[in-house]
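Welcome, and take a moment to look around before reading on. This short tour goes from the meeting of the two chains to some single residues.

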Amino acid sequence: MTASTDLERRYRRLLALYPRAFRREHEQEMLSVLLAGAAEGQRRPRLAEAVDLLANAILMRVLVLTLIKPSAWEYRHARVMVPVRVMIGIWLIVLTAIFYGSGRGGWWGLLLLPAAGLHFYFAYRIRHAVPS
Amino acid sequence: MQEATFLILTALAGGSQHGYGIITDVKQISNGRVGLRAGTLYTALDRLRREKLIDADREEIVENRLRRYYRLTPAGAERLGEEAARLRSNAGVALSRLDAGGRVATT
């Protein structure tokens with residue numbers, strides 16, 4: 001296998017860490033930039049370059065997470081959905097407390113409490129009609 | 001505004017450029033001090049485009065590789081102008097005070 005296809009394959013593997021929407025938009029041009037910056041006969045991404053891609057891929061994934069929001073349907077049915085979201089949130093906290101009481105708390109809390117937080121966050125947004 | 005952002009907008013103020021062109025131009029503008037990496041550059045371009053300070057201009061295929069050019073929008077030019085004026089004002093105060101204190105010759 002030639003150096004350039006070797007290098008390209010490794011760059012593609014790093015770019016695969018990005019969220020799908022970002023890749024659809026930028027993967028091809030990023031590959032062009034990365035290969036344009038490569039030295040003659042280079043087979044592997046430089047370490048600093050790989051770290052930069054990894055860090056920014058994580059950053060973009062976190063950013064995508066913050067874009068999670070209630071649907072238009074939920075906004076229209078706020079009167080029902082706010083209490084439903086709040087009840088689910090409370091139930092998840094109660095569940096965590098039950099697990100905790102039975103000595104299996106730690107890991108379940110790690111999973112359930114953020115989920116409860118998300119339900120409360122959604123309830124807050126619908127309640128106050130925070131536009132997206 | 002972060003320096004990398006400022007330099008990217010400055011690179012585009014001279015006309016539309018593709019990704020690799022921006023990297024080499026930013027290096028030149030900063031006297032070789034700022035070397036943007038691909039990941040950082042595209043995180044910035046993606047954000048600047050969402051903020052409508054830049055926009056995609058045209059695309060070319062060169063040796064089977066996609067090149068997308070970016071250009072400054074009127075809003076981007078305005079932001080860059082404001083930022084440049086702010087930096088000049090700050091720099092002016094700094095230099096004149098140092099000068100008055102006799103600690104550095106500014107001319």
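Two residues are said to be in contact if their C-beta atoms, placed from the backbone, lie within 7 Å. With that in mind, 19 residues of chain A are in contact with 14 residues of chain B. On the side of chain A that touches chain B, α2 and α3 of chain A each supply at least two residues. The largest share comes from α2(A), which gives 10 residues. Sorted by class, this side of chain A has 11 nonpolar, 5 polar and 3 charged residues.

Please keep in mind that this is a predicted model. How confident is the prediction for chain A? Chain A has an average pLDDT of 87, and 92% of the residues score at least 70. Within chain A, confidence is highest in α2(A), at a mean of 93, and lowest in helix α6 (residues 105-127), at 83.

Which residues have the most contacts inside the largest nonpolar core? This core has 31 residues, and those with the most contacts inside it are B:I8, B:L12, B:V26, B:A38, B:L41, B:L45 and B:I54. Both chains take part: α1 (3-15), α2 (20-36) and α3 (47-66) of chain A each give two or more residues, and so do α1 (3-13), α2 (19-29), α3 (38-50) and β3 (65-72) of chain B. The element that gives the most is α3(B), with 6 residues. For a closer look, pick B:L45: leaving aside its neighbours within four places in sequence, B:L45 is in contact with B:I54 and B:Y70.

**Chain B as a whole**

Chain B has 4 helices and 3 strands, and along the sequence they follow the pattern α-β-α-α-β-β-α. Its radius of gyration is 17 Å, well over the 13 Å that the globule rule gives for 107 residues, so chain B is more spread out than a compact globule. The C-alpha atoms of chain B fill a box of roughly 60 × 25 × 20 Å along the principal axes. Buried residues make up 28% of the 107 residues in this chain. Of the contacts in chain B between residues at least 6 apart in sequence, 40% join residues at least 24 apart.

**The sheet**

The 3 strands of chain B form an open sheet in the order β1-β3-β2, with antiparallel pairing. Why is one side of β1 and of β2 left without a neighbour in the sheet? Both β1 (17-18) and β2 (54-62) of chain B stand at the edges and have a single partner strand each, so one side of each stays without a neighbour. Strands of a sheet pair through backbone hydrogen bonds, either parallel or antiparallel. Here, β1(B) and β3(B) pair in the antiparallel sense over 2 bridges.

**Some single residues**

Two residues of chain B have a positive phi although neither is a glycine. They are set side by side here.

| Residue | Phi | Other C-beta atoms within 10 Å |
|---|---|---|
| B:K52 | about 60° | 12 |
| B:E63 | about 50° | 8 |

B:K52 is found in the loop between α3 and β2 of chain B, while B:E63 has its place in the loop between β2 and β3 of that chain. Are they buried or exposed? A residue counts as exposed if 12 or fewer other C-beta atoms lie within 10 Å of its own, so B:K52 is exposed and B:E63 is exposed.

Next comes B:A77, in helix α4 (residues 74-100) of chain B. B:A77 is partly exposed, with 15 other C-beta atoms within 10 Å. Not counting residues up to four places away in sequence, B:A77 touches B:A13 and B:L72. B:A77 and B:T10 are 67 residues apart along the chain, and their C-alpha atoms are separated by 8.9 Å.

The last stop is B:D57, in strand β2 of chain B. B:D57 is partly exposed, with 15 other C-beta atoms within 10 Å. Apart from residues up to four places away in sequence, B:D57 touches B:S16, B:Y69, B:Y70 and B:R71. B:D57 and B:G92 are 35 residues apart along the chain, with 36 Å between their C-alpha atoms.

Definitions and conventions: Residues numbered from 1 in each chain as written. Chains lettered and ligands numbered in written order. Predicted model: local features only at pLDDT ≥ 70, side-chain atom pairs only at ≥ 80, totals over all residues. Core = buried A, V, L, I, M, F, W, Y, C linked by C-beta atoms within 7 Å. Buried ≥ 20, exposed ≤ 12 C-beta atoms within 10 Å, placed from the backbone. Pairing = 2+ DSSP bridges. Nonpolar A, V, L, I, M, F, W, Y, C, P; charged D, E, K, R; others polar. Rg over C-alpha atoms; globule rule 2.2 N^0.38 Å. pLDDT = per-residue confidence, 0-100.
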